[in-house]
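Trainee: I have a new model open and would like to go through it with you. Could you help me get my bearings?

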Amino acid sequence: MNTSKILKIYLFISGLILTAIGSLTIFNPINIKANEGIEIAENASALNDVRSFGMLLLATALLSFLGSFKSPFRKSAAISTFLLFLSLGLGRLLSIFLDGMPSDGMVKATGLEIILGMLGLILFISNSKKQSF
């Protein structure tokens, strides 16, 4: 299987993941955060922040889906998707070093984000060298 096809699969699966997490974050933020021990109920500012982050995830999911099906969007979709995952993972790592260990779910999210970000970066570089977007 060539890397262009793998990139399309990566973008599609990333779109599914980001859609699921983004939707849950937008429409059920209190429970999503409570699962990790974060209390945001009755805090309009925290809810606003969480829901806006969910919309960012959905917007990136949309671009990721577009890139998985339409070649004109593939390069920008690949860049935005791997940058989102890497920035989330590295931001969580920084927080672990500065703030201490979060819940197990947050640690697992950190690992998944770094893996998905690195995979996306590798696929992006592989496709850039072959110019096979």
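Trainee: Read along the sequence, what pattern does the protein chain follow?
Mentor: Keep in mind that this is a predicted model; read along the sequence, its chain follows the pattern α-α-α-α-α, with five helices and zero strands.

Trainee: And what does the C-alpha trace span along its principal axes?
Mentor: The trace of the protein chain spans about 50 × 30 × 20 Å along those axes, and of the chain's 133 residues, 33% count as buried.

Trainee: What share of the contacts with a separation of 6 or more comes from residues 24 or more positions apart?
Mentor: Those residues account for 71% of such contacts in the protein chain.

Trainee: Let's take the helices. How far does H3 reach from its first C-alpha to its last?
Mentor: Helix H3, which covers residues 44–69 and has 26 residues, reaches 38 Å, close to the 38 Å expected at 1.5 Å a residue.

Trainee: Which helices do the buried residues of H3 pack against?
Mentor: They pack against helix H1 (3–27), helix H2 (29–34) and helix H4 (71–99); the buried residues of H3 include Leu47, Val50, Leu57 and Phe65.

Trainee: Then H1: why does its span agree with what we expect?
Mentor: At 1.5 Å a residue, the 25 residues of H1 should span 36 Å, and its end C-alpha atoms are 35 Å apart, so the two agree. The buried residues of H1, among them Leu7, Tyr10, Leu11 and Gly15, pack against H2, H3, H4 and helix H5 (104–130).

Trainee: You mentioned Gly15; why does glycine 15 count as buried or exposed?
Mentor: Glycine 15 has 0% relative accessibility, so it counts as buried, since buried means under 20%.

Trainee: How far is glycine 15 from isoleucine 40?
Mentor: The two are 25 residues apart along the chain, and their C-alpha atoms are separated by 27 Å.

Trainee: New topic: where is glutamate 113 found, and is it buried or exposed?
Mentor: Glutamate 113 is found in helix H5, and it is buried because its relative accessible area is 9%, under the 20% limit.

Trainee: What does the side chain of glutamate 113 reach?
Mentor: The side chain of glutamate 113 reaches the backbone nitrogen of glycine 89 at 3.5 Å. Leaving aside residues up to four places away in sequence, glutamate 113 touches Phe85, Leu86, Leu88, Gly89 and Arg92.

Trainee: Last one: what about glutamate 42, buried or exposed?
Mentor: Glutamate 42 has 83% relative accessibility and therefore counts as exposed, the cut-off for exposed being over 50%. Glutamate 42 is found in the loop between H2 and H3, and it has a positive phi of about 60 degrees although it is not a glycine.

Terms used:
Residues numbered from 1 in each chain as written. Predicted model: local features only at pLDDT ≥ 70, side-chain atom pairs only at ≥ 80, totals over all residues. Heavy atoms only, no water. Helix = DSSP H or I, 4+ residues; strand = E, 2+ residues; numbered from the N terminus. Buried < 20%, exposed > 50% of the residue type's maximum accessible area, 1.4 Å probe, protein only. Contact = heavy atoms within 4.5 Å. Expected span 1.5 Å × (residues − 1). Polar contact = N/O pair within 3.5 Å; in protein donor to acceptor, adjacent residues only side chain to side chain.
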